[in-house]
Amino acid sequence: MAVSTVYTTQSFHSTCSISTPSKTHLGFNQKKQILFYNSCGKSTFMRRLTSVFGGAAEPPKGGNPDSNTLISDTTTVICLDDYHSLDRTGRKEKGVTALDPRANDFDLMYEQVKAMKEGKAVDKPIYNHVTGLLDPPELIKPPKILVIEGLHPMFDQRVRDLLDFSIYLDISNEVKFAWKIQRDMAERGHSLESIKASIEARKPDFEAYIDPQKQYADAVIEVLPTQLIPGDNEGKILRVRLIMKEGVKYFNPVYLFDEGSTISWIPCGRKLTCSYPGIKFTYGPESYFGHEVSVLEMDGQFDRLDELIYVESHLSNLSTKFYGEVTQQMLKHSEFPGSNNGTGLFQTIVGLKIRDLYEQITASKAAAPLQATKA
Amino acid sequence: MATLTGMNISSPRLAARPLRSSSPQPQSLGFPRLSRRTPLRTRLVAAAAPEQIEEKVAESIKEAEETCSENPVSGECAAAWDEVEELSAAASHARDRKKESDPLESFCKDNPETDECRTYDN
């Protein structure tokens, strides 16, 4: 049985609803596991990914309404918060945050992920984010593609080794702060000070346990403030970097113009008119935690459809099945946050890369038994 | 005259609607698309959760501020703010779910040609 797992983590001190400025995570039993930090199934990235695979992802029907799981035809997304060993009260008593490994049962996480990878169904606990309690378990049947998202997808080595692909969403402090303000300022009780205090209090655990996971990821989406507007602190225009590890099996990094070279590209000019502050792309080889990587970077915003298709036509190795697929996927979800900048673009591209990876793995597993019989 | 009588009957209902919005009732005006017959049960659930969570968020912030004033570098302080974060995220999700919870809207997004989903521009 071939199993592939993809993990991505989104280093985000909040559920994926924050990642959006407007509102603010195999027949051959191949499984891909993607991890997001604390976004738990409802993240924009997850929705884009499941959309690439086709079909809508829904919570399990007839089960716990507060379940964090999402199920579509091919994909099941589980939230790693379900493996909390301490519920909210327990964490309060012990004085640990959810970021702390002591609040999570890695043995159970490894057991169940391994079981699902091997094609067995599991009774997975449910962490209820509304009540803060651990609810009775739900039955999860092994899917073709398993995505695990949450705080610690790559923390435990055994779990890490089960993954076929991993992604980490790395939001810089300034952007994180700006997004949390957008999310929380509407909330009665919150003030700028409380938002700041919350981020600061969690920073030590975040830097000790969560952030280091990014070195293990096959792809990192880094979100930073723009460099196109000097002194900008609104966080509306974003500079997004897609860091892709070289040498990962079945994963061919996206490139611009000439693979392996260093490119700086401003598409706006005579053929394409953009409004301020425009769009700037860079591409080139870099080193990331001692690994060779290729980095594709987009700074700025898309205003119009034709900008998007123009950019798509100049990128290579996108793993699209037809010309304009990236644009089509972006348009399909134009109401999602990040649809006009690099976050949406790179999440969509990563989704296509994962699809490609999945198909290659499936094909290679199909070929293997044939070769065995030939020999 | 008949029209005036009709208006007299309907306007008290229209005036009363804003008062009743806090405890949602199924609305039926008989106009296609304007009437949203959503099951009472789901409406109530959608409205209740955000208020409860909002309360929880506000409480947790107060608690965190108290805990941290005693000892700003303790695990308890971090855990308290972590709870604030978790509840803020849950509140944000609840707000989003509330926005997208209209069954008629989601049905019409997929089936705009059906009778229930016809819209009139003029």
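**Aromatic rings in chain A**

Modeller: Let us begin with A:Phe155, which counts as partly exposed at 30% relative accessibility. Buried means under 20% relative accessible area, exposed over 50%, and partly exposed in between, with a 1.4 Å probe and protein chains only. This is a predicted model, in which local features need pLDDT of at least 70 and side-chain atom pairs count only at pLDDT 80 or more, while totals for chains, interfaces and linings use all residues; side-chain values use heavy atoms, without hydrogens and water. Residues are numbered from 1 along each chain as its sequence is written, and chains are lettered from A and ligands numbered from 1 in the order in which they are written.

Biologist: Where do A:Phe155 and A:Tyr209 lie in the chain?

Modeller: Helices (H or I, at least four residues) and strands (E, at least two) are DSSP runs, numbered from the N terminus. A:Phe155 belongs to the loop between β6 (145–149) and α4 (157–162) of chain A, and A:Tyr209 to helix α6 (residues 192–210), so that the pair links parts of the chain 54 residues apart. A:Tyr209 is also partly exposed, with a relative accessible area of 23%.

Biologist: Which class does the pair of A:Trp265 and A:Phe281 belong to?

Modeller: That pair is tilted, because the ring centres are 5.6 Å apart and the planes are at 40°. A:Trp265 is in strand β11 (residues 263–265) and A:Phe281 in strand β12 (residues 279–288), 16 residues apart. A:Trp265 counts as buried at 17% relative accessibility, and A:Phe281 counts as buried at 0%.

Biologist: Which residues does A:Asn128 touch?

Modeller: Contact means heavy atoms within 4.5 Å. Leaving aside residues up to four places away in sequence, A:Asn128 touches A:Asp66, A:Leu133 and A:Asp135. The side chains of A:Asn128 and A:Asp66 are joined by a polar contact of 3.0 Å. A polar contact is a pair of N or O atoms within 3.5 Å; within protein, one must be able to donate a hydrogen and the other to accept it, and residues adjacent in sequence count only if both atoms are side-chain atoms. A:Asn128 is found in the loop between β4 and β5 (134–140) of chain A, and at 3% relative accessibility A:Asn128 counts as buried.

Biologist: Please turn to the backbone. Which residues does a cis peptide bond join?

Modeller: Most residues other than glycine have a negative phi, and most peptide bonds are trans. Here a cis peptide bond joins A:Tyr276 and A:Pro277, with omega of about 0°, and A:Pro277 lies in the loop between β11 and β12 of chain A. As to phi, A:Tyr250, although not a glycine, has a positive value of about 70°. A:Asn317, although not a glycine, has a positive phi of about 65°. A:Tyr250 lies in the loop between β9 (238–245) and β10 (255–256), and A:Asn317 in the loop between β14 (315–316) and α8 (325–332).

Biologist: How many helices and strands are there in chain B?

Modeller: Chain B has four helices and zero strands. Of its 122 residues, 30% count as buried.

Biologist: How many residues of chain B are in contact with chain A?

Modeller: The contact involves 30 residues of chain B and 34 residues of chain A. α3(B) gives the most to the side of chain B that touches chain A, with 20 residues.

Biologist: How many salt bridges are there between chain B and chain A?

Modeller: A salt bridge is a side-chain nitrogen of Lys or Arg within 4 Å of a carboxyl oxygen of Asp or Glu. The count is seven. The side chains of B:Glu85 and A:Arg183 meet in a salt bridge of 3.1 Å, N to O.

How values were computed: Phe/Tyr/Trp six-rings, centres within 6.5 Å; stacked < 30°, edge-to-face > 60°.
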